[in-house]
Amino acid sequence: MSNYIYLIRGIFTLTTSTLAYGLFALEGSTVQLECPYTVTDLKSLRWRRVDNNSITYSINSRINPSFSSNLQQRLNITGNQTEGEYHLSISDITKSDEGSYECSISGTSKIYTEQLTLIVEPSSVIIENVLQDDKLQGTEGIDLLITCTAIGGQPQPDLKLIISGSTVATGKQSLQHTLTKISRSHDRETLTCYAGNEEISHYSLAKSAKVYLILKPLLPIFFQKAIVIEEIVPLNVSCVSHGSRPAANFTWLIGKNKKDVTLKSYETSTFNSSTETFTVTSTLLYRVDRTYNGQYVTCEARNIVSGNVSSSKQLSIKYAPSVGVENKTFQQRDTGRKLQCNIQGNPSEYSNFKCHHKSLYGVQKRELTIGQNGILTLPEVPFELVYQDSGIYVCTVGNGILGTNGQEKQTGYGFVKIKAQPVFVKSNVKKMTVMIGKNADVNLYVLSEPKYTSIKWYRNTTLLSQSAKYSMLEKIMIVDDDFHGKVVQLDGYKLTLVINAFRIEDATFYRLLLSNGIGDVVEHIVFLEIGNFPQTPKHITVVSVEQTRLTIQWDPVIDDDFRLIYHIEHKLSISSMWIRKEIDGRDIEIGNTKLLYKLVGLQTSTYYDVRIVAENSFNKSLPSAIITAKTLSKENTENAIQSASIPMVAMGASSTIITIVAWLVVDQPNDISDTSMSAYEDLGIKDKPNVYSEL
């Protein structure tokens, strides 16, 4: 619908015959430019566009025929033309119509100018930071800035902001208003921003939004009035906080250091549709111990913008007694030796029980009674046995509360150390059997607290020292001894006298004297005797010859030593280097059964020498007689034995066959290097004068 809107602004006179006016019109409306002059038939009235090359729009009632059909249709000459009135009417006003128009009378100086200004309504009104659901988000306790802007419009649109029915701000094109430290009372409040032209009292557009606050959680509340638990029962405590938006998160702190234990909690939340807020409940499941007794557990609620709001509760924790026995060091000559047993629990009413004396490795030595005052008095024992009071003392008490170990009776222990003279343990021997030609180790086991400061080895009455013949060694180790009638393991020392290359004359008495500055010098004597020699293996024969292997047979050696072994040695007949293989005799049947050994990996058509040595725990036998055999060539299929005095023996069903691969060692030159000799010795081949010749 067309309408006429006139707004005269700034009427002014340029000359006595020139007038200027201003006219405002809404886009799309119809405006009439009225010329204040009239003309007679002798004159003409012209309308023209001054700001557009003075284009003539009309003369009297005629519209410029050169205009486009669209423009001609929108132009119309109105007024009482019989009276000489010619007004220019423009319909469906657009931006292109805006400009300065004038009417003039021909042949006169009369000119009337009218400035047509288009009122273009804004295309839209926006409120900044409004969400898709028309919510303007703010934060409780923080200023909320409201910015309203009109998009487009000419001249600049007028804006006004109305909250709860009151205009709180106005502006042109854009306005801002601040709600200072916004509170919960503004939550979900509606505000509207209007855009239009105040001078024509026309507001065509409006935008509304609802204030939607991020609300802090309210102070959390504990479900429990008091928190009393036992140490073995996990702490189960809950807090609730109302009124948060978005939902609050909880943090749990415990103890004087405020340890964060939030990971041990879980949360549930419910939404209150009437207030559009959340109620959040958090539950902490956490295992506490006695160290938290009397301390506080704190629940803190917060959401994305709020600070912490918190509540705390004191913990009362019941726990089984902790038991401790003081560590004590006594001298061997001390009398009235006493230990204090310390007990701490909640509640503090206790029942006392026995105290057990144990070795450091857990063997119980004896049971003792604790006095009601928690003092344990050690029984008096002979001076030389006082050292046996050392060890662990384990005390047991209870207060009716189960401990973390599931037991009511709790234990504690302390260490007692007795400083006494050295002691040779009962497991030390007084006689040892050794082997001629081998090193003899004389091992003695000792307890000494403090450690011995003087150690002397004697051969009969001769004091020994480190030499090529004698070596003195010591090693810390666990030893066995008899404490108060019980065999126990203890930390002690192994003292070793090594006699290198034992000879017949070394068989005699050896003494070890020790002292540590407490009590007397102690002594232990050991007699060394020589062990027996095994018999030399006999009846060595070759029972089978092949291209790369020989099968050797011999009679078993009869010996009382269960650890009887055989050394099978072979070499190239043209070489002096023996290759040795060791066979354990424990798995071989001894009796009428022959023992068989199969040498494999040999060269074809080659002479080999073979001999056997028996060895028990003490000595080696003399080597057996050497037999010589030649392996077969590839062409020869018959057995060849290089000894007329050694008959071939066929393998019987009762023979035991032992197969070991023997790798051939190439004969070495006489000037063997030290490194080569070392490797040679590792093989057990000792090219030395036979020690048995001395016997």
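The second largest pocket here has a volume of about 510 Å³. A pocket is an open set of points on a 1 Å grid over the protein atoms alone, where a 1.4 Å probe fits, with protein on both sides within 12 Å along at least five of seven lines; the volume is the space filled by probe spheres set on the points, which are joined across faces, edges and corners. Keep in mind that this is a predicted model, where local features need pLDDT of at least 70 and side-chain atom pairs pLDDT 80 or more, while totals for chains, interfaces and linings use all residues. Numbering starts from 1 along each chain as its sequence is written, and side-chain values use heavy atoms, with hydrogens and water left out.

**Pocket lining**
- The second largest pocket is lined by 22 residues, a lining residue being one with an atom within 4 Å of a point.
- Nearest the centre of this pocket lie Leu-360, Ser-390, Lys-417, Glu-449 and Asp-491.
- β34 (410-424), β36 (440-449), β39 (470-483) and β40 (486-499) each give two or more residues to the lining; strands are DSSP runs of E, at least two residues, numbered from the N terminus.
- β34 provides the largest share of that lining, seven residues.

**Nonpolar cores**
- The largest nonpolar core has 25 residues, and Leu-339, Leu-376, Tyr-393, Cys-395 and Leu-447 have the most contacts inside it.
- A core of this kind is a set of buried Ala, Val, Leu, Ile, Met, Phe, Trp, Tyr and Cys residues joined through side-chain atoms within 4.5 Å, with buried meaning under 20% relative accessible area, exposed over 50% and partly exposed in between (1.4 Å probe, protein chains only).
- The largest share of this core, four residues, comes from β34.
- A second, separate core has 24 residues, including Leu-23, Leu-33, Cys-35 and Leu-88.

- The whole structure holds three disulfides, each a pair of cysteine sulfur atoms within 2.5 Å.
- Cys-35 and Cys-103 are joined with an S to S distance of 2.1 Å, and at 80 degrees about the S-S bond the link is right-handed.
- Cys-35 sits in the loop between β3 (31-33) and β4 (45-49) and Cys-103 in strand β9, so this pair ties together parts 68 residues apart in sequence.
- The sulfur atoms of Cys-148 and Cys-193 are 1.6 Å apart, and this disulfide is left-handed because its S-S torsion is about -90 degrees.
- In the disulfide of Cys-239 and Cys-299 the sulfur atoms are 2.1 Å apart; this link is left-handed too, with -65 degrees about the S-S bond.
- Counting bonded cysteines along the chain, the pattern is 1-2, 3-4, 5-6.
- Cys-355 is in no disulfide, and the nearest cysteine sulfur, that of Cys-395, is 3.1 Å away.
- Cys-355 is buried at 0% relative accessible area, and Cys-395 is buried at 2%.

- Most residues other than glycine have a negative phi, and most peptide bonds are trans.
- A cis peptide bond joins Arg-245 and Pro-246, with omega about 0 degrees, and another joins Asn-346 and Pro-347, with omega about 5 degrees.
- Lys-181 has a positive phi near 45 degrees and is exposed, with 62% relative accessible area.
- His-484, in the loop between β39 and β40, has a positive phi of about 50 degrees and is partly exposed at 24%.
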